[in-house]
Amino acid sequence: MTRPRFDFDKPVDRNNTLSAKWNYVQESVGVEDALPMWVADMDFETVPEVKAAILARAQHGIYGYTARSNGYYDAIIDWNLKRHGWKVEKNWITHSPGVVNALFTAVRAYTKPGDGILIQPPVYPPFYRAISMNDCKTILNPLKLEGGRYVPDLADFADKIGSGRVKLFILCNPHNPVGRVFTEEELRAMGELCLKHGVIVISDEIHSDLLFKPHRHIPFASISEAFAQNTVVCTAPSKTFNLAGLSTSNIIIPNDELRRRYDAANEQVAQKSHNIFGAAACEAAYRHGEEWLDQLMSYIDGNRRYAVEFIETRLPQLKVYNPEGTYFLWLDCRSLGLGNQELEQFLLHEAKLWFNQGHTFGKEGDRFVRINIGCQRSTVEEALKRLEHAVHSPVQQG
């Protein structure tokens, strides 16, 4: 049977769709013609069967309170087994509208004000908010650079975890924004220390399906039974299949007591209802989306290779970190000699580019930017040409 070919080069008009990425550029950054390549939202139509499932459900005409079907749970279980070699049990799966919601819930469930929570910057900004807004203490274990590659600082990790101040470790794997896909050796080293010192692991694995060959995602809870009993795994179809607006995440907690505490914290804020269309989309994506995803990652890999080669050859004063997963580039702009605010204004007004500013990921991201390459190749090409022109302009050179 011939595999269908999906046309990821085909542009999709997102005007007048209430797109947070595309429809509010002027209101958000004050530069109407800035090219948006920031929020983790792809510019590709999703799997055709997902659209069909949503339309079929919409035809019914009644959208009341809903439960989740056995088929929904089976799809999640089958996907994790086939793609990641992890056998998930149905009763381990619970719900959140999004992984960010789950992080906030987990902090409420497993800590009290004043407890320490360890994170590895530069890292996704909501990690910081989940900690501070629940009156906990942020403890930093910054990733370190070895041979031009970000790796965990295990000596510092051991010191921090062993201090007695840390109650939770929030892991991001694949890592947002640097694009690392951590190895089993790295994960095992961190997990053993957490077990030794009684630190619960919250593993954000939302980008686990977005991998570049030959890298392989290892679910943290799959490494051992002891790890499984100490871990909350946060997953979702949202990044993989571009479904973020459908508010559906799958939180996998093998430990009965940890799951009970998580569900109780969700109940405290009445956050247990389900999105009808999100459930239909999730099941259809995991059932029918594998070929689409394989072709998507081949396409994004082309974007990655194009962008890295362009920057290394035509913008060598900038340093790009080649991702192993996700659809982000992490770009070091420190050689431009601009502060954080100056860099943002330069990119917006001179290059007409809207990127995520690195300093929002922690001070380790000062004067970096995160670039979303989950878009048509023509958009990547246009963005890099704008960046090249701005960096080489007389104003910047002067």
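Predicted model: local features only at pLDDT ≥ 70, side-chain atom pairs only at ≥ 80, totals over all residues.

A search of the whole structure finds 0 disulfides. Cys-194 illustrates the reason: the closest cysteine sulfur belongs to Cys-234 and lies 15 Å away, which is too far for a bond, since a disulfide requires two cysteine sulfur atoms within 2.5 Å. Cys-234 is likewise in no disulfide, its nearest cysteine sulfur being that of Cys-172, at 10 Å. Cys-194 is buried, with a relative accessible area of 0%, and Cys-234 is also counted as buried, at 1% relative accessibility.

Strand 9 has pairing partners in strands 8 and 10. Strand 8 (residues 200-204) runs parallel to strand 9 and is joined to it by 4 bridges; here Ile-202 stands opposite Val-232. Strand 10 (residues 249-252) pairs with strand 9 in the antiparallel sense over 3 bridges, and Asn-250 of strand 10 stands opposite Thr-235.

The charged side chains come next. Side chains of opposite charge can pair when their charged atoms come close. The structure holds 25 salt bridges. One of them joins Arg-14 to Asp-41, with the closest N and O atoms 2.8 Å apart. Arg-14 belongs to the segment before helix 1 (25-29), while Asp-41 sits in the loop between strand 1 (35-36) and helix 2 (48-58), so that the pair links distant parts of the chain, 27 residues apart. Both Arg-14 and Asp-41 are buried.

A further salt bridge connects Asp-294 and Arg-83, at 3.2 Å from N to O. Because Asp-294 lies in helix 12 (residues 290-314) and Arg-83 in helix 3 (residues 70-84), this pair ties together parts that are 211 residues apart in sequence. Asp-294 is partly exposed at 34% relative accessibility, and Arg-83 is partly exposed with a relative accessible area of 24%.

Within helix 12, Arg-304 and Asp-301 are 3 residues apart, and so are separated by about one helical turn. Their side chains meet in a salt bridge of 2.6 Å, N to O, and both residues are buried. Finally, salt bridges with shared partners join Arg-14, Lys-21, Asp-41 and Asp-43 into one network.

Key:
Residues numbered from 1 in each chain as written. Heavy atoms only, no water. Buried < 20%, exposed > 50% of the residue type's maximum accessible area, 1.4 Å probe, protein only. Pairing = 2+ DSSP bridges. Helix = DSSP H or I, 4+ residues; strand = E, 2+ residues; numbered from the N terminus. Salt bridge = Lys/Arg side-chain N within 4 Å of Asp/Glu carboxyl O.
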